[in-house]
Amino acid sequence: MAEARREHFGGRLAIIMAMAGSAIGLGNIWRFPYLAGEHGGAAFIFVYIIASIFLSMPIFLAEAIIGRRSHANTYGAMEKLAPGTKWKWLSILTILAPLIIVSYYSVVGGWSIEYLVKSLAFSFNSTPKEEITSMFAGFISQPWMPIVCHTAFLGTCAVILTAGVKSGIEKFSNWSVPILFVLILIILVYSLTLPGAMEGVEYMIKPDFSKIDSEVILAAMGQSFYSLSLGVGTILVYSSYVSKNENLLVSGFGTAIFDLMFALMAGFAVMTAVFSAGVKPGAGPGLIFESLPFVFATMAESAPVVSGVISILFFVTILVSALTSGVSLMEVGVAYLVEEKKMRRGVATFTVFAGTWTLGCLCSLSFGPMNGFRIFGNSLFEFCDWISSNFLMAIGAMLFSLFVGWKMKKSDVYDEFTNGGTLRFNVRCFKAVYFLVRYIAPLVIGIIFLSGLLL
Ligand code: PFF
């Protein structure tokens, strides 16, 4: 009965767009290119692809199987598929994790709003280059403006979510994901024409297989994981809006391919620009908010208008890609409140907004007035990032793969993965997928998890 009221995505492309919208985000732009460059270029990308196929894809499928089988939120899914057990309590972790992530992710999203406004005002053309780095440090340490931007970012996600699954999430990702690709293509083509651009291309793909060691393998696995938004229930919840006749394997591959394509395009675009301006690449917010503006200021010396336009396109891309990810992170909590606490969607969205807004404000203040407040030596922002990407995501992914591999009936998993035995290709690879979900994924996640704790 409840299922009749649940919304569904409109079709295969809509599903892939929504999932790709979640996957494509800040991680593709500031993490992937740097990691690739640091860890052996094409060799890293090769390991990344292998990790995506053998680790991330099975976890993706485990989440998707739970979501579509139950047509419920993470908590409700566990209760439906393993009634009366403790699994549903464990699933609370996977509701908290995305809320913690979106709290600090939206602070960075907010910074991109400020930088979009700056680029619309052609600020990078008029600021002396030496002041660009201090401009960023000065901005994030202010108490008010970053909070205003964080509020605008989170508020936009909330407005999209209030509109619902079809009219909100689906509509937004249906137009924004293709636009993201067009924008990044324009930026890429331009960046490749810059003098010295090839150095950036080389940095990212020059194969150096001697660099592959355990650290590189862990970095590639962790990145593939983060990039595909695994372990925090977003894929589970989005899959719960997928109808029974869709092919989960196709959704998974479609998402992973879009995500990889975007990471490569963004990587080349960012790194060619960075190298052509003679800047040393780094990872993290510094790459986007310090190095790129410096690049734009350098470009502006010879071509001010083009530099201004490209900077606007860049920050629109960063902002929109962060929004589609933010929406997916908040949806996990919204779905829980609507289905388990019987809240109206608008009220549920506001509740999630209020909670994540508050934590996000504290994260934002941790760059300024609250910088002295430390948890194990980290600021609140760093702590939220650390605990979610090293700890909660891994636990969530472990939970989902153990649930599908050990708790669900094998025949149910088969039924869901092969659509009742009707998908021939899925029938043929079921054994391998089941083996990966049951044994390999939990084992490897355990290793990633321990290394995250120890490193
Ligand atoms: N995949 C996003 C990125 O690469 O930026 C980050 C993310 C979004 C992680 C949604 C987890 C998630 F549930």
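Setting aside residues up to four places away in sequence, Phe-275 is in contact with Gly-196, Ala-197, Glu-199, Gly-200 and Tyr-203. Two residues are in contact if their C-beta atoms, placed from the backbone, lie within 7 Å. The model is a predicted one: local features need pLDDT of at least 70, side-chain atom pairs count only at pLDDT 80 or more, and totals for chains, interfaces and linings use all residues. Residues are numbered from 1 along each chain as its sequence is written.

Phe-275 belongs to helix α14; helices (H or I, at least four residues) and strands (E, at least two) are DSSP runs, numbered from the N terminus. Phe-275 is buried, since 25 other C-beta atoms lie within 10 Å. The cut-offs are 20 or more other C-beta atoms within 10 Å of a residue's own for buried, 12 or fewer for exposed, and partly exposed in between, with C-beta atoms placed from the backbone. Val-295 is 20 residues from Phe-275 in sequence, and their C-alpha atoms are 8.8 Å apart.

The end C-alpha atoms of α14 are 42 Å apart, which agrees with the 42 Å that its 29 residues should span at 1.5 Å a residue. The expected span is 1.5 Å times one less than the number of residues. Of the 29 residues of α14, 22 are buried, so the helix is mostly covered.

## Overall fold

The protein chain has 20 helices and zero strands. Its radius of gyration is 21 Å, close to the 23 Å that the globule rule gives for 455 residues, so the chain is as compact as a globular protein of that length. That radius is taken over C-alpha atoms, and the rule is 2.2 Å times the number of residues to the power 0.38. Along the principal axes, the C-alpha trace spans about 65 × 50 × 45 Å.

Buried residues account for 53% of the 455 residues. Among contacts with a separation of 6 or more, 84% are between residues 24 or more positions apart.

## Nonpolar core

The largest nonpolar core contains 153 residues. Such a core is a set of buried Ala, Val, Leu, Ile, Met, Phe, Trp, Tyr and Cys residues joined through C-beta atoms within 7 Å. Leu-61, Ile-65, Ile-66, Cys-157, Met-393, Ala-397 and Val-404 have the most contacts inside this core. Helix α16 (residues 304-340) gives the most to the core, with 16 residues.

Cys-157 touches Leu-323, Gly-326, Val-327 and Met-330, again leaving out residues up to four places away in sequence.

## Ligand shell

The shell around the ligand has 16 residues, of which Gly-25, Gly-27, Ser-229, Thr-234 and Ser-325 come nearest. Helices α2 (12-23), α3 (26-38), α6 (87-120), α12 (214-227) and α16 each give two or more residues to the shell.

By class, the shell holds seven nonpolar, nine polar and no charged residues. Here Ala, Val, Leu, Ile, Met, Phe, Trp, Tyr, Cys and Pro count as nonpolar, Asp, Glu, Lys and Arg as charged, and the others, Gly among them, as polar.

## Helix α2

Helix α2 has twelve residues and reaches 16 Å from its first C-alpha to its last, close to the 16 Å expected at 1.5 Å a residue. Ten of the twelve residues are buried, including Ile-15, Ile-16, Met-17 and Met-19. The cover over the buried residues of α2 includes α10 (165-192), α12, α13, α14 (248-276) and α16.

## Val-237 in α13

Val-237 is found in helix α13 (residues 234-239). Val-237 is buried because 28 other C-beta atoms lie within 10 Å. Leaving aside neighbours within four places in sequence, Val-237 is in contact with Gly-67, Asn-73, Thr-74, Glu-331, Val-332 and Ala-335. Phe-417 is 180 residues from Val-237 along the chain, and their C-alpha atoms are separated by 16 Å.

Most residues other than glycine have a negative phi. Ser-229, which is not a glycine, has a positive phi of about 60°. Ser-229 is in the loop between α12 and α13 and counts as buried, with 30 C-beta neighbours inside 10 Å.

Lys-342 is not a glycine either, and has a positive phi of about 55°. Lys-342 is found in the loop between α16 and α17 (345-365). Lys-342 is exposed, with 9 other C-beta atoms within 10 Å.

Key. Near = placed C-beta within 6 Å.
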